[in-house]
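Here is a short briefing to read alongside the model. It covers the ligand surroundings, the sheet, the overall build and a couple of backbone details.

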Amino acid sequence: MSAVRKVALPGRFIVLEGLDGAGTTTQTERLASVLKAEGHAVVTTREPSDGPVGTMLRQALTGRLGLPHGRGPLAQETLALLFAADRTDHLHARVLPALEQGKVVLCDRYVLSSLAYQGASLSMEWVNTVNSHAVSPDLTLFVGVDPQVAATRRAVRGGPAELFEADEAQRRIALQYLKAIELRENHERIVHIDGELSVEAVTEACLVEVRQVLARKR
Ligand SMILES: Nc1ncnc2c1ncn2[C@@H]1O[C@H](COP(=O)(O)OP(=O)(O)O)[C@@H](O)[C@H]1O
Ligand SMILES: Cc1cn([C@H]2C[C@H](O)[C@@H](COP(=O)(O)OP(=O)(O)O)O2)c(=O)[nH]c1=O
């Protein structure tokens with residue numbers, strides 16, 4: 001079974017990916033404001049989504065939902081299936097309707113996150129298969145930073161640590177991202193952006209790629 005699904009809707013589906021602290025939230029907002037100022041209809045969104053399954057996932061990530069009797073977090077398989085279920089729900093509830101209306105959808109995290117984070121402890125092929133209903137983005141921007149840079153930025157940002165944010169886990173996930181990109185890049189456009197540049201320079205580098213996708217005819 002093919003693990004890559006293509007659709008040709010009038011909108012453009014653009015995903016930002018990277019380690020926790022890489023700057024994807026910052027860049028999603030900055031790209032949206034540039035594109036809106038240029039007159040594009042833009043929808044910003046994220047995964048885990050704000051829908052019912054995504055809400056459950058955020059509870060699992062912050063330790064408010066887990067195994068009974070304090071026996072730790074949900075099993076990795078359960079999390080992987082929830083991320084995949086959230087993705088199909090998010091696509092149908094929010095992403096596909098916006099693409100049908102010709103909008104630019106900027107999404108903070110998508111399938112590559114599952115391949116990197118869940119693929120760090122489960123078979124990446126299996127994670128790819130359970131995500132085979134997820135349509136391919138027109139462009140994925142991988143905002144690459146050294147795990148130590150990401151850790152420093154998380155510390156500056158503050159807030160409670162989430163399930164996958166331990167330094168060792170992030171180093172493993174960084175390697176998994178590279179394997180995940182290798183697995184998918186023959187089927188879809190994935191571009192590595194140097195996330196260690198200034199906020200402004202990262203936005204400029206992302207915009208070069210985004211403009212190419214916006215200019216492309218369907
Ligand atoms: N290019 C950058 N250079 C320096 N600091 C950055 C850069 N991009 C983001 N930051 C800062 O790093 C922290 C994490 O950024 P954020 O966008 O929340 O990351 P993510 O969504 O990838 O976890 C924030 O405090 C943000 O202001
Ligand atoms: C979408 C997705 C996210 N995740 C993880 C990555 C993050 O650690 C967390 C999302 O939390 P979030 O608070 O959005 O992180 P950030 O703003 O730092 O990017 O969920 C997965 O493990 N698999 C997935 O498929």
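A residue counts as near a molecule or strand if its C-beta atom, placed from the backbone, lies within 6 Å of it. By that rule 14 residues surround ligand 1, and the closest are G23, T25, T26, R153 and R157. This is a predicted model, in which local features need pLDDT of at least 70 and side-chain atom pairs count only at pLDDT 80 or more, while totals for chains, interfaces and linings use all residues. Residues are numbered from 1 along each chain as its sequence is written, and chains are lettered from A and ligands numbered from 1 in the order in which they are written.

**Around the ligands**

- Helix 1, helix 6 (147-157) and helix 8 (199-215) each give two or more residues to the shell around ligand 1; helices (H or I, at least four residues) and strands (E, at least two) are DSSP runs numbered from the N terminus.
- The shell around ligand 1 holds four nonpolar, seven polar and three charged residues. Here Ala, Val, Leu, Ile, Met, Phe, Trp, Tyr, Cys and Pro count as nonpolar, Asp, Glu, Lys and Arg as charged, and the others, Gly among them, as polar.
- Ligand 2 has 15 residues around it, of which D20, F83, S113, S114 and Y117 come nearest.
- Two or more residues of the shell around ligand 2 come from helix 1 (24-37) and likewise from helix 4 (111-118), with helix 4 giving the most, four residues.
- By class, the shell around ligand 2 divides into five nonpolar, five polar and five charged residues.

- Five strands form an open sheet in the order 2-3-1-4-5, with parallel pairing; two strands pair if DSSP finds at least two bridges between them.
- Strand 2 (42-46) and strand 5 (190-194) stand at the edges with a single partner strand each, so one side of each has no neighbour in the sheet.
- Neighbouring strands of this sheet are turned by 20 degrees against each other on average, direction ignored. Axes are lines fitted to C-alpha atoms, for helices over the stretch in contact, and angles run from 0 to 180 degrees between N-to-C directions.
- Strand 1 (residues 12-17) and strand 4 (residues 139-144) run parallel and are joined by four bridges; E17 stands opposite F142 in strand 4.
- Helix 3 (residues 76-100) packs on the sheet, where it touches strand 1, strand 2 and strand 3 (104-108), and its direction makes about 155 degrees with that of strand 3. Contact requires C-beta atoms, placed from the backbone, within 7 Å.

**Overall build and confidence**

- The protein has eight helices and five strands, following the pattern β-α-β-α-α-β-α-α-β-α-α-β-α along the sequence.
- Its C-alpha atoms fill a box of roughly 55 × 40 × 30 Å along the principal axes.
- Mean pLDDT, the predictor's confidence in each residue from 0 to 100, is 96 for the protein, and 98% of its residues reach 70 or more.
- The model scores ipTM 0.97 and pTM 0.97.

**Backbone details to look at**

- Most residues other than glycine have a negative phi, and most peptide bonds are trans.
- The peptide bond from E47 to P48 is cis, with omega near -5 degrees, and P48 lies in the loop between strand 2 and helix 2 (52-61).
- H69, although not a glycine, has a positive phi of about 55 degrees; H69 is found in the loop between helix 2 and helix 3.

Conventions
Contact = placed C-beta atoms within 7 Å.
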